[in-house]
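Subject: Structure handover

Hi,

Here is the structure for you to look over. My notes on the sheet and the helix packing follow below.

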Amino acid sequence: MFAIAPAVGKANLSASQLKLLAGKARWIFRVGETGFPTIPTIAITRGAWEALQAERARKDTRLRTHWIACLFKLVGEDAKPPTLVVRTSASHHNGGLMPAKTGISAPASPEDSVDPSRPLAKAIKNAFDSYGFGQAWSGPRQDDDRSRQIVLVQTAASGELEQFLTRNAVTGALGPAPVDGSALPRLPEDIHALVSLLDAKAGRHMTCLVAIQRGQVQFVSARGIQATPAAELEAAVDRVSRKVWSAQNAVSRVDPARMAQLLHPRLRSTENAAPIAIGLGVAPGAASGIIVFNPEDAARLRARGKHCILVVNETGPADIEGMKAATGILTARGGMSSHAGVIARITGKPCVAGVRNLSVDATEMVARIGDREFRSGDRLTIDGSDGHVYAGVLPLAQPHIGGAIGKLLGWSDASRTIEVRTNAETVESARTALSFGAEGIGLARSEHMFFSPERMVALRRMILSEDEDDRARAVDGLVGFQTGDYSDLFSTMKGLPVTVRLFDPPLHEFLPRTDEDIEETAQSLGLAVRALRLRLERIAEINPMLGHRGVRLAITYPEILQMQMQAVIAGVRAATETQDKPVEFEVMVPFVSTVSEVAWVRDKVNTIIANSGVLRSGKVKFSFGTMIELPRACLRAGEIAPLVDFFSFGTNDLTQTTFGISRDDAPTFLAAYQRKGIYERDPFVSIDEKGVGELIAMAIARGRATNPGLKIGICGEHAGDPASLRFFAGLGIDYVSCSPYRVPVARLTLAQALA
């Protein structure tokens, strides 16, 4: 129990008392200590209050004497006992906290100040009790945290009470700004000094309460509020321009996860498209994808790298994992404050809610919009900014960095020593990543270049070949496709490194499965349907993720390796003819478990490149490396490292093989594991530091012990997750590679982690 803004003089707090200041108490003390007129305020912790009550039961008065002395700190020079106000002062605001209790008469006697049946003590008790609503107190510091909760007792303010924001919650402009959008009354000039003072002290958006009497301002209280990510970013840059913060302060104070919400695609044009429905745009951005009707299907499609729109009547807590996995969310019911709207804004997903002509039959897996029916596999486009829904896929315009976000990321790059590359196979993805500041391509997945129908036929012809001659003819058909792809990719990157991963196509992702697809494939390959079914049966794998893929494909079918290297080299040659900067390409062999696999492929690759003469021009830089994505490769990293120039850790497969969990099937039970506290978090979202992380750290140490110049990279979705990036930054890595839209997040997070 102590004064944080006494009526006379200044507060003199000890270090332990300063540590107790939370919420409103902190800002009242900070404003008061500058000399700005502040409503007299004292604070009492729950621990002190409970000790007072225990003492009262013993009929002791030693603590009470100190409490009375604190209350006298609210009495001004006129010596009149003031009317009092009791407020909570939590570090985080929640709806269950007691509103300010006003109009409390000063205690008539020392006993009145601690008797819970009397007005002041009753208000204090109720304030402490309200901390129990909406908050879970658990963990090893439960009792300690509870005892440190604070309640404030203040002198009642004279004059008119006015509330305002220190910064506009949408634009980030320095206030005073209205809380609810209505115009502010004419405020005294002193308000501007208070706004600047609070903004500098808090470094965040605040809602501020003042008392104004005869043009004089007294500060009452303030608490932090949530602004839009754009407003927070603009405010951070503005503070640097005002010399309140340094550039490094701004970099360290912006939340990378919230910044990601600024990177939403939008519809390029709707000129030739009419909406089939209009709802409420409750979370900004546009998205196209395959319709799914449940969280499990959304998670499965996300695991396979596909975009989907979760379509439901309304969402609830059980849908969270599906909402995170979906590219966008469409609901028949709800509005801005609905579960769908709130969660979509938190996760940064576009969402359209309250579509009145939408009905969803989750059992039959059909959605009806007006008189049209949509089933699983059909595609929709939603615009979460204006609430429009379109049939099919519309082209999206990708966001690009400029203004405040560009300045912040420029500052972050000044202190960042770990490169940020991207995962990309198309020119469009590469250009998007470059606009976001990518410093190369750390993962170009060759098999992803074959997702168009025409190319899929060519790839299937190769996979389904009966003998070496068949396969050689099929491979020849693929060279043309890949040569152009690689040439365009190298040219787009203009001398930045491009890491080409050798073919790694798990068969179940590329072979036909439905009757209709099998019939179409048979026709395109010139086979009888029965003959194709027999071939599919012969090569079917029980667990394709652990099957004939990665390095195993290159070793058993060397003509595939020959084809791919031929295409890469042709692409390199074509790119060198159109640019002055050297082409820097890296070949990466995936899914290795033994040093002999690496040696076999390296010898073949080096022979092909040497015979091509592509390095003799002096305009090409080449390096060879491997993905480390199996536990055995981590254990034998010391043997593998001398044979390669770099390791790139494929954290998706390494997580899968370390846990023994299929990432395609994990959504069916991981959510239950998290709800029951078995897993703290999804290991496919944030890296498992104690298991997978330890394998990575061990492999790096063993690899660099035998090859001190070994370059280390991380690729996969973990490379765009802030929590995982902070862990990787401590391992001495050289680069990370993530999806294009996560490049800015990685740039900022790594700058913060290395500060």
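Axes here are lines fitted to C-alpha atoms, and angles run from 0 to 180 degrees between N-to-C directions. Please keep in mind that this is a predicted model.

Helix pair first. Helix α2 (residues 24–33) and helix α7 (residues 190–202) have axes that come within 11 Å and cross at roughly 120°. That angle makes α2 oblique to α7. The crossing of the two, α2 and α7, is right-handed.

Which residues meet there? From α2 they are W27, R30, V31 and E33; from α7 they are L194, L197, L198, K201 and A202. By class, this contact of α2 with α7 has six nonpolar and three charged residues, with no polar ones.

Now the sheet. It is open, has five strands and pairs antiparallel, in the order β1-β2-β5-β3-β4. β1 (2–5) and β4 (101–104) stand at the edges with a single partner strand each, so one side of each has no neighbour in the sheet. From one strand to the next, the twist averages 25°.

Inside the sheet, β2 (residues 41–45) and β5 (residues 150–155) run antiparallel and are joined by five bridges. T45 has I150 in β5 as its bridge partner.

Two helices to check against the sheet:

- α4 (residues 62–71) packs on the sheet and touches β1, β2 and β5; its direction makes about 155° with that of β2.
- α5 (residues 119–130) also packs on the sheet, touching β2, β3 (84–88), β4 and β5; its direction makes about 10° with that of β3.

Best regards

Technical notes
Residues numbered from 1 in each chain as written. Predicted model: local features only at pLDDT ≥ 70, side-chain atom pairs only at ≥ 80, totals over all residues. Heavy atoms only, no water. Helix = DSSP H or I, 4+ residues; strand = E, 2+ residues; numbered from the N terminus. Parallel < 35°, antiparallel > 145°, perpendicular 65-115°, else oblique. Left-handed = near helix turned anticlockwise from the far one by under 90°. Contact = heavy atoms within 4.5 Å. Nonpolar A, V, L, I, M, F, W, Y, C, P; charged D, E, K, R; others polar. Pairing = 2+ DSSP bridges.
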